[in-house]
There are 2 protein chains.
Amino acid sequence: MTSSAMRDLMAITERPEVISLAGGLPDTSTFPTASFAALMHELANTHLAKALQYGPTEGLAIARAAASKVMADENAIVDPDDVLITTGGQQGLDLICKALIDPGDVIIAEGPTYPGAISAFTSYEARVEHVPVDEDGLDPVLLRERLAELAKSGARPKFIYLIPNFQNPAGVTLSLERRHEILAIARENELLIVEDNPYGLLRYEGEALPTMLELDGGDSVAYIGTFSKILSPGIRVGWVTAPRPVLEKLNLGKQAADLCASSLTQHFVAEYISGAEWPTYVAELSEIYRRRRDVMLESLALELPRSAGWNAPEGGLFLWVTLPDYIDTTDLLARALRENVAFVPGRAAWVDGSGSSSMRLNFSGADEAGIREGIRRIGIVVNEQVELFETLTGKRSPAIGKRPATPDDKQGVTDDAGGEVVEFRKPRSAGA
Amino acid sequence: MTSSAMRDLMAITERPEVISLAGGLPDTSTFPTASFAALMHELANTHLAKALQYGPTEGLAIARAAASKVMADENAIVDPDDVLITTGGQQGLDLICKALIDPGDVIIAEGPTYPGAISAFTSYEARVEHVPVDEDGLDPVLLRERLAELAKSGARPKFIYLIPNFQNPAGVTLSLERRHEILAIARENELLIVEDNPYGLLRYEGEALPTMLELDGGDSVAYIGTFSKILSPGIRVGWVTAPRPVLEKLNLGKQAADLCASSLTQHFVAEYISGAEWPTYVAELSEIYRRRRDVMLESLALELPRSAGWNAPEGGLFLWVTLPDYIDTTDLLARALRENVAFVPGRAAWVDGSGSSSMRLNFSGADEAGIREGIRRIGIVVNEQVELFETLTGKRSPAIGKRPATPDDKQGVTDDAGGEVVEFRKPRSAGA
């Protein structure tokens with residue numbers, strides 16, 4: 001899946017008749033019009049000349065303070081002076097690569113990982129090595145093995161890229177135990193960890209876990225945050241905090257790349273985060289997304305064949321569906337688009353062609369009715385493929401997918417196929 | 001002059017007591033508060049969800065149309081589909097390098113050139129070869145010579161970077177004849193031209209010249225535009241148009257770098273440029289800057305010693321001052337900052353240490369009183385250096401600077417030193 005193929009896909013998903021479960025779009029229609037107008041009116045009357053002017057490369061002090069405040073809400077305490085404002089979280093990734101990566105350098109990433117990170121990494125000709133995730137996130141045992149193999153071949157990774165909370169695309173969350181283990185591994189190997197945390201505040205159940213930055217060993221963590229998912233991606237304001245020598249390089253890179261982030265949108269962020277409204281808005285968003293996630297889980301149980309499996313993320317925007325391995329989701333997408341529904345094929349989340357039977361589904365961008373209908377359409381094309389396989393081979397689909405228990409456990413898959421083991425995994429917390 | 005030294009300088013210039021003639025800051029205090037508030041109010045009530053959402057990598061259709069409309073105002077006709085919206089003009093430079101430059105590749109640039117371009121070029125480890133400018137811009141004869149030398153050594157430049165109108169930092173404008181000649185040279189050598197035109201609409205006298213993009217051979221031109229100087233740099237909206245294969249690469253680079261430009265500020269631009277007010281605002285800005293330029297020219301004639309020279313740009317934001325070669329303007333800046341005035345030392349505009357006796361002065365960011373006082377302070381530190389030299393050596397300063405005639409020619413330098421030739425160069429047009 002090339003970047004340009006992804007872009008072609010995204011172009012199709014902009015057609016109004018298409019229900020897109022593909023993008024990572026928050027629901028910006030929920031942002032209160034009156035609040036926006038009031039903030040901008042205030043801005044016009046107080047700081048307009050500054051909001052329209054160039055700002056310092058590292059970002060406006062008020063925006064750096066806002067980033068620090070949001071991090072404090074996740075119990076990560078960072079001095080605003082250690083924050084660099086970026087053009088969205090994506091630029092954080094880009095600048096880290098610009099500062100650290102030479103062609104051929106190795107980056108360790110989760111498998112699967114965020115497709116946009118793959119774009120950033122490969123644009124610097126990095127060699128991405130995936131270490132698989134399971135329900136508790138990246139597996140530290142496999143990480144140790146991979147590092148040992150790499151060391152044998154003389155390769156020393158530049159950093160480990162992780163999305164610990166509600167990972168994009170797999171929806172899994174790195175357990176606290178593993179956070180500690182991975183930090184220990186990083187310390188032993190003198191490796192930088194790049195912790196990307198766009199969704200941390202969007203938790204729908206269970207207890208929040210500490211950021212890796214705040215744990216022992218966190219001084220070797222570069223942390224990427226963003227206002228995209230708790231306020232708006234259209235303002236393009238994210239941030240990075242990192243060990244000082246790294247931060248200084250990022251700053252130089254930022255200056256060369258685009259001089260500074262938008263002062264106007266930084267002022268908007270600062271005004272918004274300095275007000276009392278934002279935690280309420282995040283709570284409202286979380287409630288909307290939690291319901292959409294539940295609708296998606298219900299719809300999947302209703303529409304997908306028994307051979308399909310998926311997970312129940314505790315937060316974030318995505319879940320991960322795995323289909324029988326005879327289904328190629330890149331091919332399936334073409335069929336799905338004819339049914340006017342879109343998803344991200346799993347292969348976009350790996351550099352090596354893995355993930356060909358998986359798909360990423362987003363549950364934040366479409367409303368509940370859209371999600372029901374979208375999953376119904378995906379069900380149609382998946383069932384077609386399953387029936388085709390079963391007709392051609394004369395066999396039932398070989399596996400039964402791994403699925404979460406639904407909250408009341410009524411809609412769990414029953415083993416009507418006879419003899420095959422149905423694996424359930426309870427969400428860590430029962431949820432509301 | 002390293003990037004970080006430049007940043008340290010810029011940090012000092014933020015102190016309120018410092019008059020900065022250093023930055024390239026437009027006067028954003030002139031933007032009408034009521035217009036801003038009205039635009040944002042309209043936006044809140046019509047397109048808010050879209051303005052807060054991710055947009056396509058290439059930019060919103062309405063913003064691409066706005067860029068095309070502004071170019072049409074300079075008689076450059078470009079299909080909006082051939083426009084890529086960038087995070088300011090700086091990102092245009094960055095993405096062009098990202099697409100085309102491998103470490104060690106050669107870029108031809110004017111000497112002096114835009115310091116921010118040097119940052120972008122060197123961040124991709126390009127080798128920058130300066131070709132000197134004179135009053136009519138880059139010298140085509142010297143360009144041919146340099147290309148021949150490079151060809152002999154087996155080096156083939158990736159592109160020629162030019163700011164044809166009111167060049168940053170020298171303030172000179174490339175003559176029409178030279179535009180044609182340089183396009184012919186580019187064609188002969190199969191070279192891309194990168195035409196950076198941030199100031200084209202800010203002309204204070206004389207006739208507008210066609211962009212290189214629109215002339216014969218313009219199909220090998222990548223053009224960088226920006227709303228920074230005609231609307232606001234704080235919105236970070238610029239654009240690139242380029243030959244299709246280049247544009248496609250820039251688009252992929254943009255996606256990896258920051259996904260897309262701010263939808264919010266793109267909506268703001270689109271609303272503003274679709275209205276009737278903007279040409280009036282540009283005309284008002286031009287009149288303000290023209291007056292400030294004239295005040296700066298008058299003040300320079302009043303305050304600087306006879307051995308200093310400068311030019312009278314027909315537009316843009318900058319003029320270029322050359323001092324006797326025994327004065328190092330990087331050292332002089334430290335003295336100037338003690339007098340609470342800042343400028344950009346000439347060395348920032350070259351990669352090779354040239355320009356050490358020159359400085360770039362900005363006349364758009366400070367008001368008329370600030371310019372008078374700023375130049376008075378610069379006069380103090382320059383005169384100190386001249387007197388010190390003359391005292392130590394017992395000689396008069398060896399040269400008399402080349403200066404423009406003032407509009408009424410009253411304040412021209414009189415040859416009171418006896419015997420030395422005073423060179424004048426009349427502005428191409430008498431001006432208002």
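Modeller: Two strands pair if DSSP finds at least two bridges between them; strands (E, at least two residues) and helices (H or I, at least four) are DSSP runs, numbered from the N terminus. This is a predicted model, where local features need pLDDT of at least 70, side-chain atom pairs count only at pLDDT 80 or more, and totals for chains, interfaces and linings use all residues. Residues are numbered from 1 along each chain as its sequence is written, chains are lettered from A and ligands numbered from 1 in the order in which they are written, and side-chain values use heavy atoms, with hydrogens and water left out.

Colleague: In what order do the 8 strands of the open sheet in chain A stand?

Modeller: Strands of a sheet pair through backbone hydrogen bonds, either parallel or antiparallel. Here the order is E2-E9-E8-E7-E6-E3-E4-E5, with mixed pairing. Strand E2 (83-86) and strand E5 (137-138) of chain A are the edges, each pairing on one side only. E5(A) is joined to strand E4 (127-134) of chain A by 2 bridges, and the two run antiparallel; within this pair, Asp134(A) has Gly137(A) as its bridge partner.

Colleague: Is E14 of chain B mostly covered or uncovered?

Modeller: In a regular strand the side chains alternate between the two faces of the sheet. In E14(B), 5 of 5 residues are buried (under 20% relative accessible area, with exposed over 50% and partly exposed in between; 1.4 Å probe, protein chains only). Ser358(B), Arg360(B) and Asn362(B) are on one side, and Met359(B) and Leu361(B) are on the other. Met359(B) stands opposite Val321(B) and is also the bridge partner of Pro345(B).

Colleague: How much area do chain B and chain A bury between them?

Modeller: About 4,600 Å², 61% of it on carbon and sulfur atoms; buried area is the accessible area (1.4 Å probe) that two parts lose on being put together, summed over both. In this interface 59 residues of chain B are in contact with 59 residues of chain A. There are 2 salt bridges between the chains (a side-chain nitrogen of Lys or Arg within 4 Å of a carboxyl oxygen of Asp or Glu). Asp94(A) forms a salt bridge with Lys98(B), with the closest N and O atoms 2.8 Å apart.

Colleague: Where are Pro112(A) and Arg236(B) placed?

Modeller: Most residues other than glycine have a negative phi, and most peptide bonds are trans. Gly111(A) and Pro112(A) are joined by a cis peptide bond, omega about 0°, and Pro112(A) is in the loop between E3 and helix H6 (115-123) of chain A. Arg236(B), not a glycine, has a positive phi of about 55°. Its place is the loop between strand E8 (221-226) and strand E9 (238-241) of chain B, and Arg236(B) is buried, at 3% relative accessible area.

Methods
Contact = heavy atoms within 4.5 Å.
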